[in-house]
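Here is a short report on a model of two protein chains. Look over the sequence and the structure before reading on.

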Amino acid sequence: MARLTREKSLWGVVFVAPALLLLLTFRIVPIFASVIASFADYPVTQGFKGFVGFSNYQFLLLDKDVHNSILTTLIFVSILTFVQLALALLCALLLKRSSKTTILLRVILFSPYVISLSIASIIWWLIYADMGLANGILRVFGIRRQPFLTSENWALWALIIMLLWKGFGYWMVVYIAGLNNIPESLYEAAQLDGAGGFKQFIYITWPLLKRVTLFTVVADTTINFLIFAPVYIMTMGGPRGRTMLLAYYAYRTAFVYGDLGYAAAVSVILLLITGVVTALEFRFFRATYEY
Amino acid sequence: MSISRVVRKIGIFIILTSLALFVLVPLVWTFSGSLKRQSEIFADLNPLSWRAFIPSSLVIENYGIIFKRFPLLIFLRNSVIVTIVTTVIGLFVNSLAAYGLARFRFPGRQAVFVMTLVTMMLPFEVLVIPLYLLCRELRILDTYYALILPGLVHPLSIFLLRQFIMDIPTSLEESARIDGASYFRIYWNIILPLCRPALITAGLSHFILTWNAFFWPLIAVNKSELIVYQVGIVFFKNDILPQWNELFAASVVGILPILVIFVLLQRYFVRGITLTGIKE
């Protein structure tokens, strides 16, 4: 019997092994690799040239471009995540009951999610162009032409609107699932007690949705911290650094300036900031009710 | 009472209609623009007329020209190869791991599962630079291996399939064991067929993720024979400054396969999202 269990557990290891090996090689090792590389002088052309201690980090602390990039990223992530999830929750509340119309609307609102970020960026690059659709629409309202992507005031907002378009439908679907998971009897009881729609939301929906909200907030935050393609395709970080998100800054440091060590340090900082922010979110949104 | 309800209904109608327009207008503009001449696209915008959203002249040639002007067909082929190979091998590797995690006890099982969950929450993009270093050391940059190997494991698939397998009663497997079937046979002949809906959900999500990938393929590959579509279309935009109708047509080529698959299988897709959001 003991031999049998040992044999069985061996088979478990065999079945898990290929995935485990790939997971370790391509997901876990790179995390450590980036920490190690961040302590090295590592030009992309010559390869590893030896360790330099904390000098990449020292440089990073004084680098005004990095400060700007961190600030830009934090503003971008907070606004995008908040608006995206608020819109998603609003739509979920309006579309949670299944009927032909609501299902059609759900599919429509969700559809940009399956489009790649690179093609979405190209489409919105044309929308925001001087002769593009956005200016065509503004003209109908008598507003003069705006230089969206080349304007220091507009560029970050232009990216946020485009990513809002791309993503809120996904979180709506998550929220709909969460809403349909709340027992209907609670609402019936509230109705008997004379609670209106707003009160029901405050006292039933929102508290019981906390677990789903924790998931959406944390997952959306991590995704938004790592946004790269729209910056690469639409703005290249400009105008004057206004859209220089950290992921793009790290890319530029590595592959335009060829400094892999410094880029690794920037990646580590990005990972740390993401970790701290999501940890705070975990504390803030921890579910207090179970059902 | 009834007046406030009417006002509410109208409010909801306005919100949903404007959001649906916000989502649809860019897409409709793209599709119709892909079937026009550039001069027509500009004319329809200036001033804006409803014709901007109608493919009025049906210039189908756009779809031929783009493939002649730029090696988009090669990029498309690469995307098809990478996506199909990744999804098919991925389904095998991930379902096998899911079976191992769901049905076998072995030391470190819990650790492997936690690792899967952590990597599921950690988007692939954060690893791009160290992954570049790793693949450079492994000397697989500029090969199909670099495009395929790092994306094979799809933690979400392992998670979904494990969940699904755990809900299957073990009685079938036990009687198969008594009949002398090996564990691999049980996986292949009993578990996999029963997992069909979960396999479709997992495969679909993996397929879309791989087809749409941009950051890693941009860095992993330089040779033009290996560039995938999502990257190639950006080079198309930057290198030869194509006309808008051509850029629209190239976009539609990249969107259409995924949109068709999504509309056909959206039921399965939504189920995957639902499960990840609700269960822990």
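## Burial and layout of chain A

Chain A has 291 residues, and 46% of them are buried. A residue is buried if 20 or more other C-beta atoms lie within 10 Å of its own, exposed if 12 or fewer, and partly exposed in between, with C-beta atoms placed from the backbone.

The model is a predicted one: local features need pLDDT of at least 70, side-chain atom pairs count only at pLDDT 80 or more, and totals for chains, interfaces and linings use all residues. Residues are numbered from 1 along each chain as its sequence is written, while chains are lettered from A and ligands numbered from 1 in the order in which they are written.

Chain A contains 13 helices and 0 strands. Helices are DSSP runs of H or I with at least four residues, strands are runs of E with at least two, and both are numbered from the N terminus. The C-alpha trace of chain A spans about 80 × 75 × 30 Å along its principal axes.

Two residues are in contact if their C-beta atoms, placed from the backbone, lie within 7 Å. Take the contacts in chain A with a separation of 6 or more: 70% of them join residues 24 or more positions apart.

## Confidence

The model scores ipTM 0.90 and pTM 0.91. Chain B has a mean pLDDT of 89, and 98% of its residues reach 70 or more. pLDDT is the predictor's confidence in each residue, from 0 to 100.

## Where the chains meet

How many residues of chain B are in contact with chain A? The count is 70 residues of chain B, against 71 residues of chain A. Helix α14 of chain B (residues 244–278) gives the largest share of chain B's side, 14 residues.

That side of chain B divides into 54 nonpolar, 12 polar and 4 charged residues. Here Ala, Val, Leu, Ile, Met, Phe, Trp, Tyr, Cys and Pro count as nonpolar, Asp, Glu, Lys and Arg as charged, and the others, Gly among them, as polar.

## The nonpolar cores

A nonpolar core is a set of buried Ala, Val, Leu, Ile, Met, Phe, Trp, Tyr and Cys residues joined through C-beta atoms within 7 Å. The largest one has 140 residues. Those with the most contacts inside it are Ala88(A), Met172(A), Phe228(A), Ala247(A), Ala250(A) and Val266(A). Helix α7 of chain A (residues 155–180) supplies the largest share, 17 residues. Domain 1 (2–59) and domain 2 (64–278) of chain B both give residues to this core, so it lies between them.

A second, separate core has 30 residues. Among them are Phe15(A), Leu23(A), Ala102(B) and Leu156(B).

## Helix α12 of chain A

α12(A) is mostly covered, with 9 of its 10 residues buried. Among the buried residues are Ala247(A), Tyr249(A), Ala250(A) and Arg252(A). The buried residues of α12(A) pack against α3 (64–95), α11 and α13 (260–285) of chain A, together with α6 of chain B.

Which residues does Ala250(A) contact, leaving aside its neighbours within four places in sequence? They are Ala263(A), Val266(A), Ser267(A), Leu270(A) and Ile129(B).

## The two domains of chain B

Chain B is assigned domain 1 (2–59) and domain 2 (64–278). Such bounds come from an automatic or database domain assignment. The centres of the two domains, taken over C-alpha atoms, are 34 Å apart. Their contact takes 9 residues from domain 1 and 7 residues from domain 2.

On the domain 1 side, α1 (2–33) and α2 (38–45) of chain B each supply at least two residues. α1(B) gives the largest share, 3 residues. This side divides into 3 nonpolar, 4 polar and 2 charged residues.

## Backbone details in loops

The peptide bond from Asn46(B) to Pro47(B) is cis, with omega near 0°. Pro47(B) lies in the loop between α2 and α3 (62–69) of chain B.

Two residues other than glycine have a positive phi. Met236(A) has phi near 55°. Its loop runs between α11 (229–235) and α12 (246–255) of chain A. Met236(A) counts as partly exposed because it has 14 C-beta neighbours inside 10 Å. Arg139(B) has a phi of about 55°. Arg139(B) lies in the loop between α6 (128–137) and α7 (144–148) of chain B. With 10 C-beta neighbours inside 10 Å, Arg139(B) counts as exposed.
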